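Subject: Structure handover and notes

Dear colleague,

Here is the structure I said I would pass on. My notes follow below it.

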Amino acid sequence: MVFYDLCQLRFSNRNFFLQDDDDYIANTYIIRGSQLVVSTTPAEAFDAAVRRLANATAGYAAENSSNRFGTGEEAGFDDTKIYALAQCTPDKTADACRTCLGTIVNQLPTYFSGFNGGGVLGGWCSFRYEIYPFFSGRPLLQLPKFVWTPPPPPAAPALALPATKGRDKSRNKTGTVLAILIPTSTIAALLAITVICCWARRRRSAAQSARPYSTSSNGSQGADALLLDLSTLRVATGDFAECKMLGKGGFGMVYKGVLPGGQDVAVKRLCQTSRQGIGELKSELVLVAKLHHKNLVRLIGICLQEPEKILVYEYMPNRSLDTILFDPERHNVLDWGKRFKIINGVARGLQYLHEDSQLKIVHRDLKASNILLDSNYVPKISDFGLAKIFGGDQSKYVTHRVAGTYGYMAPEYAMRGLYSTKSDVFSFGVLVLEIVTGRRNGSSYNTEQGIDLINIVWEHWTSGNVMDLVDSSLIGHPPTEEMLKCIHIGLLCVQRKPSARPTMSWVNVTLSSSTVCLPSLCKSAFFIQEVISVVSDESSALTTTRSIDDDAASIQELSPT
């Protein structure tokens, strides 16, 4: 047997798949961390908190997960947290998993008393706990802070008093009665408490199992909720009927579906003939499963049954921003209140990706068609197929494969393959200008001159009549200063030098404040024609492949030949 952080390998000359195999007793391996540092927390209190978390996590893995997997988090002592992971091999029944993990949990007082971390690795099941998050993603269980009550001190021995024979007989009778009543009452009380706790636990388990797609208290999804059968998705989408199609992209199609529990979903089906789609789908799956924010689209489930590769997301009734913003008949649905809420929501989502999440992520394809709107027009950033993770203290990265959408790409990325969080800030600036003006970047303001949106806004800003560019459906609405502030922020975000662009945390503070002084602008806004001229002039050194997506050219790949 070989154990590693994320996997386990075993081979044998006998069949160890049998349900009555007892390797969970015979073959277990103990790993222990360091001993607890002396603090205000007694070791027995920490051990009791670990046992509580271990029982809850093991119970979740055995009873509430078809994959026999569970993770948990518990608020411990001294502002620390305890994390635990329990797992059985998926082929084992719930009873077998419960027995195996129960044996491990019972070993905690023997092997791990006074240790801040450790684990038991076995052929059937494994368990581990630490005081730092050692597993990826959000925990499936979150327990409230553990309250420890010290055991009462031992009672002082009773003093022996002289007594007469009659009193001795009376006292002997009384002592006999008390000796019978006290243990009996105690046992009865313990039995009653046990019955009540078991009843409450069964009710909670029943309530959780009744949810077709369970989530933990912090909104993260249980492992059993992620895997969906292809047959379920075929029924949900009418066998991927054309009338259910919501959109089409380079990766494949998106369909509307209804899961058995009645939940509306968007089903993203990878085109089987797509070459780059598999890598993008893997990136999207890894990222979205780890990210949880109200302004990021939520992953409901996945299906990887050959030959299908499908991601299932929460359904957004108002679809993508571009389908409303650039529609001559529907754009008036977006009043300024909705537009400002969309700008704020996208800014908060980007700040989470860049600064607040466990992973530092650059989206690389932020655009109106990747902003989805729920029934209340709350924006959700979607499509993480091109997103990249920055590790350590990385602040920028160079790629020889430039992928993104024409009109939203920062100049340093489009021309030199250099991307960073400031690349997303540039795309956000373009998006803000589009939302305020109702014009798509790359659509000529004057077809004879072929001027792009950024250039148009800059010229009107310097001439003092930028309000003439505001979407006609917003004319006459009062918050002129708010609109001007958004235009100012948009122009700051599209400055040519990345260092001149603000961070998303600064953008959020500025959007929510009426007292922040905005810096002055210099004529350094990026003009989209410069990228086009570079691509044209250096055609001998660069190979470009373009596809049309929502009436905008999307540069899918730009690489040295």
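Over the ring of which residue does the charged end of Lys338 sit? The ring is that of Tyr377, and the charged end of Lys338 is 5.2 Å from its centre. Please keep in mind throughout that this is a predicted model.

Overall make-up

The protein has 561 residues, and 45% of them count as buried. Its secondary structure comprises 16 helices and 21 strands. Among contacts with a separation of 6 or more, 66% are between residues 24 or more positions apart. The exposed surface comes to about 29,000 Å², with carbon and sulfur atoms supplying 56% of that area.

Nonpolar cores

The largest nonpolar core contains 62 residues, and Leu321 and Phe428 are the ones with the most contacts inside it. If neighbours within four places in sequence are set aside, Leu321 is in contact with Leu334, Ile342, Ala368, Ile371, Leu373, Leu431 and Ile435. Another core lies apart from this one; it has 29 residues, including Leu53, Val120, Cys125 and Phe146.

Disulfides

The structure has 2 disulfides. In general terms, such a link is a covalent bond between the sulfur atoms of two cysteines.

One of them joins Cys88 and Cys97, with the sulfur atoms 2.1 Å apart. The angle about the S-S bond is 85°, and the link of Cys88 and Cys97 is right-handed. Cys88 has a relative accessibility of 3% and counts as buried because the cut-off is 20%. Cys97 is buried too, at 0%.

The other disulfide is between Cys100 and Cys125, with an S to S distance of 1.9 Å. Here the torsion about the S-S bond is about -85°, so the link of Cys100 and Cys125 is left-handed. Cys100 belongs to helix α3 (residues 94-106) and Cys125 to strand β7, so this pair ties together parts that are 25 residues apart in sequence. Cys100 and Cys125 are both buried.

With the bonded cysteines numbered in sequence order, the pairing reads 1-2, 3-4. Cys243 is exposed, at 72% relative accessibility, whereas Cys303 is buried, with a relative accessible area of 1%.

Aromatic pairs

Searching the whole structure gives 7 aromatic pairs. In one of these, Phe112 and Tyr129, the ring centres are 6.0 Å apart and the planes meet at 85°, so the arrangement is edge-to-face. Phe112 is in the loop between α4 (108-111) and β6 (118-122), while Tyr129 is in strand β7 (residues 125-130), so the pair ties together parts 17 residues apart in sequence. Both partners are covered: Phe112 is buried at 3% relative accessible area, and Tyr129 is buried at 1%. Phe112 and Tyr129 also belong to one aromatic cluster, together with Tyr111 and Phe127.

Around helix α14

Is His488 buried or exposed? His488 is buried, with a relative accessible area of 11%. This residue is found in helix α14 (residues 480-493). Not counting residues up to four places away in sequence, His488 touches Trp461, Leu518, Pro519 and Leu521.

Pro479 is found in the loop between α13 (453-463) and α14. Pro479 is partly exposed, at 23% relative accessible area. What is the C-alpha to C-alpha distance between Pro479 and Gly337? The distance is 9.4 Å, although Pro479 and Gly337 are 142 residues apart in sequence.

That is the end of my notes.

Regards

Notes. Residues numbered from 1 in each chain as written. Predicted model: local features only at pLDDT ≥ 70, side-chain atom pairs only at ≥ 80, totals over all residues. Heavy atoms only, no water. Phe/Tyr/Trp six-rings, centres within 6.5 Å; stacked < 30°, edge-to-face > 60°. Helix = DSSP H or I, 4+ residues; strand = E, 2+ residues; numbered from the N terminus. Buried < 20%, exposed > 50% of the residue type's maximum accessible area, 1.4 Å probe, protein only. Lys NZ or Arg CZ within 6 Å of the ring centre and 35° of its normal. Disulfide = S-S within 2.5 Å. Core = buried A, V, L, I, M, F, W, Y, C linked by side-chain atoms within 4.5 Å. Contact = heavy atoms within 4.5 Å. Areas by Shrake-Rupley, 256 points an atom, 1.4 Å probe, with all protein chains shown as cover.
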